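Have the model open as you read.

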Amino acid sequence: MPDMNTIVGSHDILMITLDTLRYDVAKLEEQHCPNLCGSGTWEKRHTPGSFTYAAHHAFFGGFMPTPANTDKASHIRLFHSRNTGMKTHPHTWLFDTPDIVSGFAAEGYRTICIGGVIFFTKKNPLAKVLPGYFQQSYWRMNFGVTHPRSTENQVNHALKLLGQTAPDEKLFLFMNVSAIHGPNHYFVEGAREDSVETQRAALRYVDKALGPLFSAMRARERPTFCLVFSDHGTAYGEDGYHGHRLAHDVVWTVPYREFIL
């Protein structure tokens with residue numbers, strides 16, 4: 001585990017949620033995703049929520065997906081609210097605010113959200129809650145699930161914002177990638193329904209589209225600590241289930257990676 005007390009304050013922080021990505025799909029495409037997996041492999045974890053809204057509240061509260069094993073030694077939190085009465089690891093970063101986003105802001109970070117799925121649209125009060133954690137938040141129609149180049153559009157907007165950010169300014173950049181969420185059948189020519197195969201194709205597209213963002217973060221003055229993971233999976237007919245917001249292994253089991261650029 002990295003010592004987050006040395007990471008926070010010295011590194012930019014990039015958090016990317018690959019919305020609805022299944023763990024099995026991520027593993028199948030590992031060799032075809034050089035940007036996401038060029039220096040490692042996906043870790044199998046369990047999400048704290050079965051759909052976007054619930055899962056992201058947990059993430060912003062410091063509850064990242066939990067290792068999918070019974071080894072307590074590996075269940076060390078990166079972030080933890082201070083003064084809860086619970087024992088914490090020396091490498092865990094403790095925050096005094098209601099969430100990690102405002103906690104990073106208190107440490108001098110500029111906090112930016114680039115939304116993707118409906119809960120980041122800011123089109124109604126409910127959809128303003130998650131982006132409301134951030135000092136700056138953005139959503140456009142071409143960032144959403146129905147646009148076939150959504151990730152490219154999100155990345156291009158991020159690059160524009162990076163160009164407006166001083167190289168020595170501490171940055172917490174969060175991106176909710178929408179392309180893997182349904183509908184994703186248009187990533188496979190002729191497909192009429194979403195499936196494991198169309199999600200695999202969507203993931204390959206996302207990996208390629210994220211390349212310029214990783215390159216831009218590498219070019220900044222300080223190193224970047226990256227957290228990349230899925231918020232939940234989705235069912236494509238397994239045991240009769242379809243979609244998410246339900247208790248099935250393909251929904252609860254998610255891929256997770258942390259690495260430094």
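This is a predicted model: local features need pLDDT of at least 70, side-chain atom pairs count only at pLDDT 80 or more; totals for chains, interfaces and linings use all residues.

Numbering runs from 1 along each chain as its sequence is written, and side-chain values use heavy atoms, without hydrogens or water.

Here are the two pockets (open sets of points on a 1 Å grid for a 1.4 Å probe, with protein on both sides within 12 Å along at least five of seven lines; lining residues have an atom within 4 Å of a point).

| Pocket | Volume | Lining by class |
|---|---|---|
| Largest pocket | about 290 Å³ | nine nonpolar, four polar, three charged |

In the largest pocket, R45, P67, H75, I76 and R77 lie nearest the centre. Strand 3 (66-67) and strand 12 (253-260) each give its lining at least two residues; strands here are DSSP E runs of at least two residues, and helices are H or I runs of at least four. The lining of the second largest pocket includes H75, I76 and R77.

UniProt's unreviewed entry puts a "Sulfatase N-terminal" domain at residues 98-251. That stretch is 31% helix and 16% strand.

Now for N184, in the loop between strand 8 (171-177) and helix 7 (196-218). Is N184 buried or exposed? N184 counts as buried because its relative accessible area is 0%, and the cut-off for buried is under 20%. Its side chain makes a polar contact (N or O atoms within 3.5 Å, one able to donate a hydrogen and the other to accept it) with the side chain of T198, at 2.5 Å.

Key: Grid points are joined across faces, edges and corners, and a volume is the space filled by probe spheres set on the points. Ala, Val, Leu, Ile, Met, Phe, Trp, Tyr, Cys and Pro count as nonpolar, Asp, Glu, Lys and Arg as charged, and the others, Gly among them, as polar. UniProt positions are given in the numbering used here, feature names are shortened, and annotations may be inferred rather than shown by experiment. Buried means under 20% relative accessible area, exposed over 50%, partly exposed in between (1.4 Å probe, protein chains only).
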